[in-house]
Amino acid sequence: MFDTSVKKERVLPCPPGGEAIADPKLPKAELYLVVGSAKVRPVPRYSRREQLAQVVAQGTNPFLKRNVANRLWALMMGRGLVHPLDFYHSDNPPSHPELLELLGDYLVQTRYDLREFLRQLALSRTYQRSSTPGPQFPKELLEPSRFAVAALRPLSPEQLAWSMMEATGTTTVARQRVRQQLLSDPRLRDIVSLDSKRQRLLEEMVQQRLVAAWGRNTQVFAQHYAGPSGESQDQFFATALQALFLNNGSVIRSWLTPRMGNLMDRLLQKKDPDQLAEEMYLSVLTRFPTPEERQAVAQYLQGRDQDRQKAIGEMVWALLASVEFRFNH
Amino acid sequence: MKCRYACGSVEHVIGRRAFLGSLAGVTGLGTVGFFTQPAVAQAMKRQQKHLLVIYLAGGLSQLESWDPKPGTDTGGPFRAIKTSVPGVHICELLPYTAKQMHRMALVRSLNTRNVDHGMGRYQMTHGRNRGGLNVPHLGALTARLLHPKEHPLPGFIRVGERGNIKEAGYLGPEYASLGLPDGKLPPVAQRPKGLTVQDDLRRHDFLRRVNDHFLARRRTAETEAYTHSFEQALQLMEQQEAFRIEQEPQKLREQYGDHPFGRHCLLARRLIERGVTYVQVTHTNYDTHHENFNFHLEQLGEFDRTFATLLEDLASRGLLEHVLVVVMSEFGRTPRINERFGRDHWGKSWSIALAGCGIQHGAVIGKTNKNGTEVVEREVDHGHLFHTYLRALGIDSSGTVEVNGREMPIADPAREPIEELLA
C-alpha cells in the first residue's frame, strides 16, 4: 500500500543487530578519497558497507554467523539446519539449535576460515553417513531433518553437465587434445619438463582451456535444471522438459557419438558383453555392475549385432538418465 | 520490442502487436451454430471441470472495460454500450464481448489493497497475500485437485509465458506449469531423426531396470519426482497433436485472430478440449501509465474479438458447461487520469469478468461510486474470488489438501465464496 499522506520517519542505516549509525556530513569535495571516473573505481571516505564488514568480522551478531554456518552446512549435507535456507525466521526454527549455535561460534573463532569449517564438516559423522538406510532402519529417522541418513543430493546443473561430459569420455578426449596442442610449443615443453610444480601448472592450463571451450554446455543445463535466478537453489524439482532435453537434445546425442578414445569408442571395442558392462558401469556410475546388471546388459545386446552401436548408446543414455547418476548419494 | 511508454515493469518487455493489424479483417461474428461440432461436444460428456484464465498483464483499466463511468471526471473519452444482458453496460471498446454478456458475470467491487505488479499477480492467482506460507498457484492447486493422475497431458499449462517452477509451492514442482512462451511445444519435445519410438521405449525400459536397482535401497520424494518426469516426457511426446492449431479450420483461426493472443486462445481451447485442467493465457501491455486510452483501444481491439470468439466456440462445443473462464489482471487502474493521459496502478476499486460453468450468468456483483474511486457495495478481494473459482469448479473451498501428512487449507480460511455469484 502506498499511502503518500503519511510522512515516514527518516530511517538511519543500521547494521544487523546493531545501533543506527548516522552518515557523517562531509562537504561534497571531501566525499571521496579517490574520485571515480569511467575507468577508475571510486573510493569513498565513508562507506556503509565498511561498517557492515566490521560487524560481520566482530561476530557479535548471532543471526549473521548462524546464517553463514547454516548455508555452509547445507552445502555439505544437502539441507540446512534451518530449512529452506531463505526462511530464516522465528516460525521456522532450526532442527538442532545447539548445533547451529556451536557452528556459528566456531566460524567466528576461526575468523571465518571457510576451508577449515568445511573440513570439520567433512570429518563429521553426519557427513560420512551412508545414504542407504538398510532394511531394519526406523522409519521416523528417515525424516530429512534428522540427518540420520545421508541426503540424496541432486547435482547442480553445472555438476550434472560436467559429470556427463566426464562419464561419456568427452572431456577425456578434449583434455588430451588440449594438452597435445600446448605441448606442441617446444618452449612450453621444455619448461614443463623441468619439475613437477611446472607439470601441475600445465594441468591447470589444460583445465582452464577445457572450461573455456566446453563450459558453454553448462549453460544449456542451467536453462533446464536451475531454479529461478536470485532464489536460493535449494529445492529439487524435476520437469518433463528436463527429461525431454535428455531424451531428444542434441548435446547428449553428440556425446554418445563414438569419437577416438571416448566412452562409446571404448565400448564398441569390447566384444565380450561382460567386459562391456564393467567398462560402462565403471565409467558412468563409478562402480562394478551386479551379476543381475551384467546379465541385463548381455540380454540387451542379444540380437543387436546389426545395430550394436545403437544398442550400446541406448544403454549409456539410460545410465546417464538414471536416478543413481542424478543424485549424489 | 520494448515498450517505451510504460513503467518498465516485466509486463512490458514482451513485444506488442501493431494497432492496425489488430483491427484488420474484423468481420461478423456470433452466428449461432457456426461452430457447432456435435462429435466433440459428445466427447465432453465427462464430469471433469476446467479453468481457463485470461491474464491481462500490467493491469487492465476497469473504466475502459467492465465498469465504465462515462461523463464523469474520471471516465475518459469512451462511451458505455448495452450488452446482451439488459441493464448491464460495459465500455464501447468491447462490442463483441458485450454480445456474450449472457454467458458472463462481472465483479465490480474488488479492493485488493495493493498496487505492486508482483504482489498483484501473486494475490490474484494464489488467493492470498504473499507471506510466510508457500501456497500453490491456482493452476497447481486445480491440477492437483482435478487433474486425473494418469492423464497424458499436464494439468497446468501457461500459454504465452514461461513456466515457473516455484509456483506449485508446497504441492511440489510436479504440479508446476508447462510453459509455452510462443504457444508451441518446444523443439526438444520432438524425437530427433534416427531415434524411433521403438528405440526410445526400449531404452526407457532399460532405464527403469537401472533405476529399480537404486530405488530398492533408497526412495524419496525427489527420486519419485525424477522418475515421474521421464514418464511425463514420454506421454507428452505422444500428444503433439494437441498443440497443433494448424489442424483447426482456417475460418475458425481467422475468427480467433491472426496474432499471438488469438492463436494462444485457440490453443487453450484445444488443450482444454483434450483434458488439460488449467490453462492460463497471457495478453500483455495493459500497464498504461502513458496514453491509457490509445493503448486500451489497441489492446482491447485485439482482446475483444478473440475473447468473444473463444466463448462462442466453447459454448457451441458444449464445453462452456465444463469450463470456468476468468479474465483477470494484477490490479486495475487509477480513476484519476494523469498528466500523460495515463492511468496508474490501482487496487482499491476494480473489476474482473467471469464466464462459463458454476456461475450466475448475467450477474453483476458489487458497485463502485459515481466516478469509480471507491467501492460502495459488496466489497470483496482476491481471497473471496479464489474461494469462488474453486466452488464454481465443484470444489469445497473450505476443504484441505494433504501435504506430507499435513492438512493444508486450500483457500484462505478467513475468506469465503461470493455465494450470490455461484450458480
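Start with one pair of residues: Val53(B) sits opposite Gln280(B), a residue of β7(B). This is a predicted model, where local features need pLDDT of at least 70, side-chain atom pairs count only at pLDDT 80 or more, and totals for chains, interfaces and linings use all residues. Residues are numbered from 1 along each chain as its sequence is written, with chains lettered from A and ligands numbered from 1 in the order in which they are written.

Now the strands. Strand β1 (50–56) and strand β7 (278–283) of chain B run parallel, paired over six bridges. Strands are DSSP runs of E, at least two residues; helices are runs of H or I, at least four; both are numbered from the N terminus. Pairing takes at least two DSSP bridges between two strands.

Next, the whole sheet. In chain B, eight strands make an open, mixed sheet, ordered β6-β5-β7-β1-β8-β11-β4-β12. Which strands stand at the edges? They are β6 (178–180) and β12 (364–365) of chain B; each has a single partner strand, so one side of each has no neighbour in the sheet.

Helix α11 (382–392) of chain B touches β1, β4 (104–110), β8 (323–328) and β11 (350–356) of chain B. The direction of α11(B) makes about 160° with that of β8(B). Axes are lines fitted to C-alpha atoms, for helices over the stretch in contact, and angles run from 0 to 180 degrees between N-to-C directions. Contact means C-beta atoms, placed from the backbone, within 7 Å.

Last, the interface. Here 39 residues of chain B are in contact with 41 residues of chain A. On the chain B side, α6(B) gives the most, with eleven residues.

Note on methods: Two residues are in contact if their C-beta atoms, placed from the backbone, lie within 7 Å.
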